[in-house]
Amino acid sequence: MEKRILDYTLVPLGLAIMVAYHIWLFYRIMNHPSKTVIGVNTINRRFWVQAMMEDSAKNGVLAVQTLRNNIMASTLLASTAIMLSSLIAVLMTGVTRADGRSWIFEYGDTSELGLSIKFFSILVCFLVAFLLNVQSIRYYSHASILINVPFKHMLPDRNHHHLTAEYVARSVNRGCYFWSLGLRAFYFSFPLFLWIFGPIPMFMCCVVLVFMLYFLDVTFECSWAVYDHRDQEIETQNQI
């Protein structure tokens with residue numbers, strides 16, 4: 001029972017640290033986009049889409065090639081996630097502890113029910129990663145078609161062309177958002193995997209992962225280059 005107390009305390013605490021960090025990151029992206037890598041990339045992708053659509057005949061090949069590379073990256077992650085999900089499902093149905101002994105280096109809840117819960121958590125994590133990356137492929141595929149439509153010649157009104165470019169930019173950004181969320185699901189799988197060896201490695205992984213993600217998600221160096229006349233508009237659109 002004393003070993004199970006570690007699972008009841010350290011595991012929820014580690015997950016709470018991860019969730020709290022991502023809630024804080026979401027707040028920063030929505031209210032201060034230029035101070036996060038995701039926000040800066042979102043602003044720059046809007047500029048990129050508008051530049052590509054200014055002359056689709058000249059930049060069409062470059063735009064399609066770039067989106068194709070993104071589709072390939074999402075496809076790789078989706079394939080990896082579904083493959084790992086199948087592997088975890090096989091382990092869930094095949095791993096038993098007939099001799100009643102725990103694994104080496106494992107400390108905490110060593111029951112078969114506890115092991116099943118750990119494997120099931122990893123399985124759900126990879127399935128979520130698969131679904132998110134499939135949605136990313138969906139938006140990238142739509143954007144690869146829309147970005148090559150010659151709206152500049154079809155719509156003489158400049159306002160209509162601007163609205164169309166904004167729509168395509170939203171499709172590209174949504175694809176990137178789903179790809180980022182799918183990658184985050186892979187990040188979440190690391191502490192869940194270490195949970196198999198006990199709650200202490202799982203908790204330590206959550207702490208180290210949050211520190212690592214902070215330095216990867218927050219930026220202060222290039223915010224001035226993209227913020228001066230667009231940041232207020234981006235923040236207003238995000239709030240709407």
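Is Asn148 buried, partly exposed or exposed? Hi everyone, let's start there, and please keep in mind that this is a predicted model. Asn148 has a relative accessibility of 29%, so the residue counts as partly exposed. You'll find Asn148 in the loop that runs between α4 (112–146) and α5 (151–154). Along the chain, Asn148 and Val64 are 84 residues apart, yet their C-alpha atoms are separated by 8.0 Å.

Now to the aromatics. The model has 6 aromatic pairs. One of them joins Trp24 and Tyr214: the ring centres are 5.9 Å apart and the planes meet at 35°, so this pair is tilted. Trp24 belongs to helix α1 (residues 2–31) and Tyr214 to helix α7, so the pair ties together parts that are 190 residues apart in sequence. Both partners are partly exposed: Trp24 has a relative accessible area of 34%, and Tyr214 comes in at 33%. Together with Tyr21 and Phe215, Trp24 and Tyr214 form one aromatic cluster.

While we're on rings, have a look at Tyr139 as well: the charged end of Arg138 sits over that ring, 4.9 Å from its centre.

Last stop, the second largest pocket. Its space is about 340 Å³, and 18 residues line it, with Asn41, Cys176, Trp179, Ser180 and Leu183 nearest the centre. Which helix gives the largest share of the lining? That's α6, with 7 residues. Helices α2 (37–54), α3 (56–94), α6 (158–194) and α7 (199–217) each supply at least two lining residues. By type, the lining divides into 11 nonpolar, 4 polar and 3 charged residues.

Definitions and conventions: Residues are numbered from 1 along each chain as its sequence is written. This is a predicted model: local features need pLDDT of at least 70, side-chain atom pairs count only at pLDDT 80 or more; totals for chains, interfaces and linings use all residues. Side-chain values use heavy atoms; hydrogens and water are left out. On a 1 Å grid over the protein atoms alone, a cavity is a set of points where a 1.4 Å probe fits but cannot get out, and a pocket is an open set with protein on both sides within 12 Å along at least five of seven lines; lining residues have an atom within 4 Å of a point. Grid points are joined across faces, edges and corners, and a volume is the space filled by probe spheres set on the points. Helices (H or I, at least four residues) and strands (E, at least two) are DSSP runs, numbered from the N terminus. Ala, Val, Leu, Ile, Met, Phe, Trp, Tyr, Cys and Pro count as nonpolar, Asp, Glu, Lys and Arg as charged, and the others, Gly among them, as polar. Buried means under 20% relative accessible area, exposed over 50%, partly exposed in between (1.4 Å probe, protein chains only). Rings of Phe, Tyr and Trp (its six-membered ring) pair if their centres lie within 6.5 Å; planes under 30 degrees apart count as stacked, over 60 as edge-to-face and the rest as tilted. A charge sits over a ring if NZ of Lys or CZ of Arg is within 6 Å of the ring centre and within 35 degrees of the ring normal.
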